[in-house]
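Me: I'd like to go through the terms used for this model, setting each one against its cut-off. Shall we start?
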Amino acid sequence: MSLTPQIGVPIELKGRYRYRAAKGPMSARQPFWSSLTPAEHEFQYNPQAAFPNFGDAQAGRTAINTKALTGLVRLADQAYGDHPLRKVDVYPAARSGKPAPVHVFIHGGYWRTQDKENFAFVAAPLVAAGITTVIVNYELCPASTLDGVAESAIAAVDWTRREAGHFGGDPRRISLSGHSAGAHLVAECLAHNWVEADADPAFLIGAVMISGIYDPRPVMGTSVNAEVRLTEEIAVRRDVERRQVFVKCPSTLFVGGLEPWHWIEQTYRYSHHLHRSGLTPEVHTLPRWGHFDILNEFTEAGSPILNAVLAKAKSA
């Protein structure tokens, strides 16, 4: 797929959208999504609208997730703050005489739903490869704003850096991955000024972002915003497509080929931002996946996403 997508106007066609060329030049100040009708906008920027059977993917992983949740060594509900959702589950790798690399996974849910216990399956192949895995909970909307959500995710990574040694992890070798809203929160970690927090950003050695949303502004045009409660001010502040990138670690971006084009396009837009920041991210569109079942890649040995996560965690 081209790194420079053709900008066009979507037309509904059998439940998906094809594109006709937009008439006339687009203003530099006109958002990419400005020509969408309300129904098109909802389809493009609300994955649950694009995939009405969204619950099937998680349900299909129930058995393998339960096996990981009950079969792996788990340090459950480690608190990294006073908020009841500021907790992580740590899945330590077997001790091998030296500190293990640490991988932090941040779940999706459009910043308003989901729980770390539903993603224990992510830890299983990583722990088997000698990688201590941390699955994060963070503050959720509407009880918190997106500012609080982002700040709590960053705090979880900072806690992992400070506490890694206590569970056999290497605080100098921490990698990240996240899905959907979790990919945005990974990008928030890359845009965080760790030096101001008295930390060398080199402790983050790699990042994998899966089906992410990076500019929150289009969320304001969806039904999701009834819970996310974005304002223009908050959306601009949390827009990682335009913020300085302080962490210069290798990054890989994935998106499902079955996802609506506007959702796919934002992955490429964010990759351009990383390029402009002096980085050379890998970008992959995986043809067989939609927004929710793409996480099945963690259950498939040799899959592109699992291989990328393993490679990032074992680098440096």
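Me: Which backbone oxygen does the side chain of histidine 275 reach?
Reply: That of leucine 279, at 3.4 Å. A polar contact is a pair of N or O atoms within 3.5 Å; within protein, one must be able to donate a hydrogen and the other to accept it, and residues adjacent in sequence count only if both atoms are side-chain atoms. This is a predicted model, where local features need pLDDT of at least 70 and side-chain atom pairs count only at pLDDT 80 or more, while totals for chains, interfaces and linings use all residues. Side-chain values use heavy atoms, leaving out hydrogens and water, and residues are numbered from 1 along each chain as its sequence is written.

Me: Why is histidine 275 called partly exposed?
Reply: Its relative accessibility is 40%. Buried means under 20% relative accessible area and exposed over 50%, with partly exposed in between (1.4 Å probe, protein chains only), so histidine 275 counts as partly exposed.

Me: And what makes asparagine 65 buried?
Reply: Asparagine 65 has 8% relative accessibility, so it counts as buried. It is found in helix H4 (residues 62–71); helices here are DSSP runs (H or I, at least four residues), numbered from the N terminus. The side chain of asparagine 65 also reaches the backbone oxygen of glutamate 117 at 2.8 Å.

Me: Which residues does asparagine 65 touch, not counting those up to four places away in sequence?
Reply: Glu117, Asn118, Phe119, Ala120 and Phe121, where contact means heavy atoms within 4.5 Å.

Me: Why is H6 called roughly perpendicular to H7?
Reply: H6 and helix H7 (residues 181–190) pack at about 70 degrees, with their axes 9 Å apart. Angles of 65 to 115 degrees count as roughly perpendicular, under 35 as roughly parallel, over 145 as roughly antiparallel and the rest as oblique, so H6 is roughly perpendicular to H7. On the H6 side, the contact includes Leu146, Val149 and Ala150, and on the H7 side His184 and Leu185.

Me: What makes a set of residues a nonpolar core?
Reply: Its members are buried Ala, Val, Leu, Ile, Met, Phe, Trp, Tyr and Cys residues joined through side-chain atoms within 4.5 Å. The largest such core has 65 residues, and Trp111, Val136, Met209 and Tyr270 have the most contacts inside it. Helix H6 (residues 146–163) gives the most to this core, with nine residues. Apart from it lies another core of 27 residues, including Val122 and Ile210.

Notes
Helix = DSSP H or I, 4+ residues; strand = E, 2+ residues; numbered from the N terminus. Axes fitted to C-alpha atoms, helices over the stretch in contact; angles between N-to-C directions.
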